[in-house]
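Subject: Structure for you to look at

Hello,

Here is the structure I said I would pass on. Please open it first, then read the notes below beside it.

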Amino acid sequence: MIVPNIKQNHYTVHGLQSGTRYIFIVKAINQAGSRNSEPTRLKTNSQPFKLDPKMTHKKLKISNDGLQMEKDESSLKKSHTPERFSGTGCYGAAGNIFIDSGCHYWEVVMGSSTWYAIGIAYKSAPKNEWIGKNASSWVFSRCNSNFVVRHNNKEMLVDVPPQLKRLGVLLDYDNNMLSFYDPANSLHLHTFDVTFILPVCPTFTIWNKSLMILSGLPAPDFIDYPERQECNCRPQESPYVSGMKACH
């Protein structure tokens with residue numbers, strides 16, 4: 001984008017996209033000649049979102065202005081609707097946003113939770129089973145000491161330090177990529193290559209404790225220009241299939 005003939009010493013650029021990196025250069029032209037400024041880099045924040053109470057499992061309590069979800073066995077007053085998560089033994093929620101373009105980054109604080117799944121899903125993904133168990137969802141998951149990535153009921157084990165307390169999620173819809181990071185250690189964990197055909201929404205499932213969402217963030221500097229990295233992943237027989245009771 002080139003804006004010619006600016007006569008004032010300021011200019012407002014409209015139409016910037018969320019979660020995007022830009023470089024600006026100013027060129028002065030006068031009787032003395034012309035010269036470019038040093039490049040200035042700008043990162044716009046990702047689009048913020050909150051948890052959608054209409055989709056939240058009946059046994060979850062939403063707090064902290066819609067940014068925290070917590071298992072609550074006594075929270076059964078919500079009416080059942082087809083769009084609400086209804087799995088047994090796992091409690092799901094989704095963001096109140098559907099994404100169909102752009103680059104978006106958010107983080108999830110897991111705290112002391114040891115059983116969770118975090119990722120994205122199409123609106124059509126089943127609400128009565130774990131996310132990642134179908135072709136319409138992609139997740140990073142922990143079950144006790146096992147960390148895996150899951151899609152269409154296929155899993156790969158990921159080597160992650162057990163003290164992981166915060167997970168970064170980068171969704172690059174236009175380039176068909178979903179990546180997970182350990183932001184505290186600037187570490188890439190896994191990237192899904194996805195040919196998106198529908199809008200997706202952030203999804204979250206817990207089996208114990210709570211999760212807190214940090215949305216509307218810019219992508220961290222260490223993934224400003226990410227190289228495609230090899231992650232320490234290997235296929236394995238699913239611990240969720242052979243040992244499902246351990247996650248209840």
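A residue counts as buried when its relative accessible area is under 20%, and as exposed when that value is over 50%. Please keep in mind that this is a predicted model.

Trp207 has 2% relative accessibility, so Trp207 is buried. Trp130 has a relative accessible area of 6% and is therefore buried.

Aromatic pairs

How many aromatic pairs does the structure hold? The search gives 11. One of them joins Trp130 and Trp207, with 5.6 Å from centre to centre and 80° between the planes, and this pair is edge-to-face. The two residues come from distant parts of the chain, 77 residues apart. Trp130 sits in the loop between strand S9 (115-122) and strand S10 (137-143), while Trp207 sits in the loop between strand S16 (200-206) and strand S17 (210-214).

In general, two numbers describe a pair of aromatic rings: the distance of the centres and the angle of the planes.

Phe180 and Phe192 make another pair, with ring centres 6.3 Å apart and planes at 80°, so this pair is edge-to-face. Phe180 belongs to strand S14 (residues 177-182) and Phe192 to strand S15 (residues 187-193), and the two are 12 residues apart. Phe180 is buried, because its relative accessibility is 0%. For Phe192 the relative accessible area is 12%, so Phe192 is buried.

Ring pairs also connect Tyr122, Trp138, Tyr173 and Phe196 into a cluster. A charge and a ring meet elsewhere: Lys127 lies over the face of Phe85, at 5.9 Å from the ring centre.

Cysteines

A disulfide is a covalent bond between the sulfur atoms of two cysteines. Cys201 has 2% and so is buried.

Surface

Which residues make the nonpolar surface patch of about 380 Å²? They are Met1, Ile6 and Tyr11. Met1 is in the segment before strand S1 (21-24). The relative accessible area of Met1 is 82%, so Met1 is exposed.

Regards

Definitions and conventions. Residues numbered from 1 in each chain as written. Predicted model: local features only at pLDDT ≥ 70, side-chain atom pairs only at ≥ 80, totals over all residues. Heavy atoms only, no water. Buried < 20%, exposed > 50% of the residue type's maximum accessible area, 1.4 Å probe, protein only. Patch = residues over 30% accessible without salt bridge, like charges linked within 9 Å, V, L, I, M, F, W, Y side chains within 5 Å. Areas by Shrake-Rupley, 256 points an atom, 1.4 Å probe, with all protein chains shown as cover. Salt bridge = Lys/Arg side-chain N within 4 Å of Asp/Glu carboxyl O. Helix = DSSP H or I, 4+ residues; strand = E, 2+ residues; numbered from the N terminus. Phe/Tyr/Trp six-rings, centres within 6.5 Å; stacked < 30°, edge-to-face > 60°. Lys NZ or Arg CZ within 6 Å of the ring centre and 35° of its normal.
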